[in-house]
Amino acid sequence: MESKNFSQKELECQCCTQSDISLNLLMRLQATRDEMQHPLIVNSAYRCKKHNAEIAGTKNSFHLEGKAIDIATSNLDGFKKFQLIKIAINKGFTGIGVYSDENGKPFDADLRNPWSADKDGLHSNWDDLDATDIGRIASHVQSLAMSSRWESLALSSRWFCLWLI
């Protein structure tokens, strides 16, 4: 599977070329790319269990289901990084991880459950949201994006992980 700006090669597992990327994720990624009008560099998309274990990925990583994608941020200035976060949220990504370096602790925010931010990479499935929940999430995301921790992490980030639940 591929899209206008993302090739099959970018989306497949790096060790075995297997690919089971979610069409929903790919459509949202392409829509994010279209609105940004700026190239997005894929670090990692679908991963098989073997590759995920080799790189010490989390045991229940959404990459294993084709529902997560790592985007390099080295080609993005500070404004573009925040633009990517904002657009990804607007396009329906339900989680964003900010990674400063390969050994640093990630800052993960599950946007479907704003109270779960920074759970050290542990993700859960959540019940469907109602309008009240969506309002709380929007408010939480705004305050999160304004926080000094997010700002410093995002500006120094090496990549973002976007995922769908």
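Guide: This is a predicted model. Start with Lys91, which has 27% relative accessibility.

Visitor: What makes Glu35 and Lys91 a salt bridge?

Guide: Their N to O distance is 3.0 Å. The cut-off is 4 Å, so the pair qualifies. Glu35 lies in helix H2, and Lys91 in the loop between helix H4 and strand E3, so the pair ties together parts that are 56 residues apart in sequence.

Visitor: How do you know that Arg47 and Asp70 meet in a salt bridge?

Guide: The N to O distance is 3.1 Å. That is within 4 Å, so the pair counts. Arg47 sits in the loop between strand E1 and helix H3, while Asp70 is in strand E2, 23 residues apart.

Visitor: Are Arg47 and Asp70 buried or exposed?

Guide: Buried means under 20%. Arg47 has 8%, so it is buried. Asp70 has 7%, so it is buried too.

Visitor: What makes Lys50 and Glu54 a salt bridge?

Guide: Their closest N and O atoms are 3.7 Å apart. That is within 4 Å, so the pair counts. The two residues are four apart in helix H3, so about one helical turn separates them.

Visitor: Why is Lys50 called exposed?

Guide: Exposed means over 50%. Lys50 has 54%, so the label holds. Met27, in helix H2, has 51% and therefore also counts as exposed.

Notes
Residues are numbered from 1 along each chain as its sequence is written. This is a predicted model: local features need pLDDT of at least 70, side-chain atom pairs count only at pLDDT 80 or more; totals for chains, interfaces and linings use all residues. Side-chain values use heavy atoms; hydrogens and water are left out. Buried means under 20% relative accessible area, exposed over 50%, partly exposed in between (1.4 Å probe, protein chains only). A salt bridge is a side-chain nitrogen of Lys or Arg within 4 Å of a carboxyl oxygen of Asp or Glu.
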